[in-house]
Amino acid sequence: MRMTLLLLLIAPSLAQTPSRLIADPPSRSTIALDGTWNSIVDPYESGLSSRFFENAKPKSKSDLIEYDFDRSPKLLVPGDWNTQRDSLLLYEGPMWYQRYFSYQQKPHTRTFLYFGAANCLARVWLNGTKLGEHVGGFTPFDFEVTDKIRSGENFVVVEVDNTRRPDGVPGIHTDWWNYGGLTRGVKLIEVPETFVENYKLQLAPARADAVAGWVQLQGAKEGVEVTLEIRAGDLLVTTQTARADASGYASFLFPLKLELWSPENPKLYEVRISAQGDHLSDQIGFRTVATRGTQILLNGKPIFLRGVSLHEEAPFRGARAFSEDDARTLLGWAKDLGANFVRLAHYPHNEDMIRLADRMGVMVWEEVPVYWELEFDNPAVLANARAQLDETIRRDQNRAAIVFWSIANETPINPARNAVLKSLSDFARSQDSTRLISAASDKWQRMEADTMALNDPLGEYLDVIGLNQYIGWYGDRKPEDADRIQWKFAYPKPVIVTEFGGGAQYGRHGDSETRFTEEYQANLYQHQLRMLSHMPQLAGMTPWILMDFRSPRRALPVIQDFYNRKGLISDRGQRKQAFYVLQKFYQEKAQEARSGQASK
Ligand code: GCU
């Protein structure tokens, strides 16, 4: 048993060398490069041929330089550009960012330039030298600059292009605002010559009495000792050591009984890792998540996921969210709703959101933007999606709150798509055997009058099935028709209704048949919750959506004004009637769970 477990843990990571993304726990030594940056909007992308990355200045009065970052408009980083200047609200294309910073090189120190995210293609130069490119608008990336950074003044130039592309992930069509820019923080990370590149520590799969994990060093010789401590406040719970192999990889497996993380008790332990002069610490919760038939088990006990979906949109200011304050407001509203679970749609949200969910005890569904129609027969699409999934897992693999890796949303059923999604689910499993793999499908069909069935072959590759249905909003059925509807699922697995809902403008009132009134939305929720209460295999739900959000697809004047109004809360934080309908339902569900527990 121990041997197979060890093989299980080692084999996959040895097979697939991890990307060089370095883990960024708060204990790292960093220098923030956030703040005001110079910017040049470049719709015709002339900046490449004009070599904007050189940040050149005329050397004589006859010199021809047709750009000047210092006299160009400013943009704040982190932040999307769309909501910083009216003229950029709908801008899609290349934007050049530039800033100066002074730095002091230190002996025996390696330096990385780290980006939390840039939507969507980023080209990066330091002091005029190209560092590289990154594709994917919602995951971090870094470049080593040890031999390119200098003591004294430096300048960094980043071209960010959020042009939607048919071969992109996501592709051309989405129902969210295509916020462009350096949407998350930028910083320098300093580490010793031998350092902890990344690590993973969690309870061994399906075992609540053993801890398993690994530490990947960079710049280490074979045999370097890696020490791992787990602490509960001042109490040292355990110290474990292992020796790194020739690739700098050290694995751990040891028996240990820990207090388990759960929404009711979001217990985090301090984990300290040291290796040859590098020291870092992180806050990690320990829990197991699994399925048993059509149930989802948290720490071995069945749990109902009382959830809500949300976009990474900032409350009150209608912009891309990026801060812990934004996250605290959104997760606070979800908790007020009675939620113990959130679906972060449709792309990885910022790390502050995930770390806060860890601390607040909110379970998380994290998704990569394999959304709607993509060029599934184009190998570049799989490579892109897989790279985003890899970066997501490498960033968040130590977050107890994350219980699902979701590989897709509402994709068309065809052989190329099925193959891509199988490959993504296999990859996610190979990188992380401690979480559940899922995806959201809206490919259900009417079998008989009031019987609907989801037979999407995607279910084969998933641990849990996600169902999106908008009965009572899209299509020809009235909200009350939901009462009679029966559901069938091709796979005997737990089902989460990952989307249902309808639009309402806060403060718009009328009878429950009038679209976009709060009464219509509340009535729709009443009937949806009735339908879900007799849905087989149901293990959770994440109604669409916590808060109204910007979408270029929603053009109805006065009511939508380019906002998707399916929020239970308006973008100004006003709670609609349906919020209280769902809140009451979740209170009853939570009470049921408590009394269920008590009777055990
Ligand atoms: C879809 C989709 C969402 C979209 C929602 C809607 O199901 O997954 O991204 O916003 O429906 O139509 O409001």
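This is a predicted model: local features need pLDDT of at least 70, side-chain atom pairs count only at pLDDT 80 or more; totals for chains, interfaces and linings use all residues.
Residues are numbered from 1 along each chain as its sequence is written, and side-chain values use heavy atoms, with hydrogens and water left out.

Colleague: In the open sheet of 3 strands, what is the order of the strands?
Modeller: Strands are DSSP runs of E with at least two residues, and helices are runs of H or I with at least four, numbered from the N terminus; two strands pair if DSSP finds at least two bridges between them. Strand β11 is joined to β12 (residues 210–218) by 8 bridges, with Gln 202 opposite Ala 212 in β12. The pairing in this open sheet is antiparallel, and the order is β11-β12-β15.

Colleague: Which residues have the most contacts inside the largest nonpolar core?
Modeller: A nonpolar core is a set of buried Ala, Val, Leu, Ile, Met, Phe, Trp, Tyr and Cys residues joined through side-chain atoms within 4.5 Å, where buried means under 20% relative accessible area (1.4 Å probe, protein chains only). The largest such core has 101 residues, and those with the most contacts inside it are Ile 296, Val 370, Phe 404 and Met 541.

Colleague: Is Asn 523 buried or exposed?
Modeller: Asn 523 lies in helix α6 (residues 518–533), and Asn 523 touches Pro 479, Glu 480 and Ser 512, not counting residues up to four places away in sequence, a contact being heavy atoms within 4.5 Å. Because its relative accessible area is 15%, Asn 523 is classed as buried.

Terms used
Buried means under 20% relative accessible area, exposed over 50%, partly exposed in between (1.4 Å probe, protein chains only).
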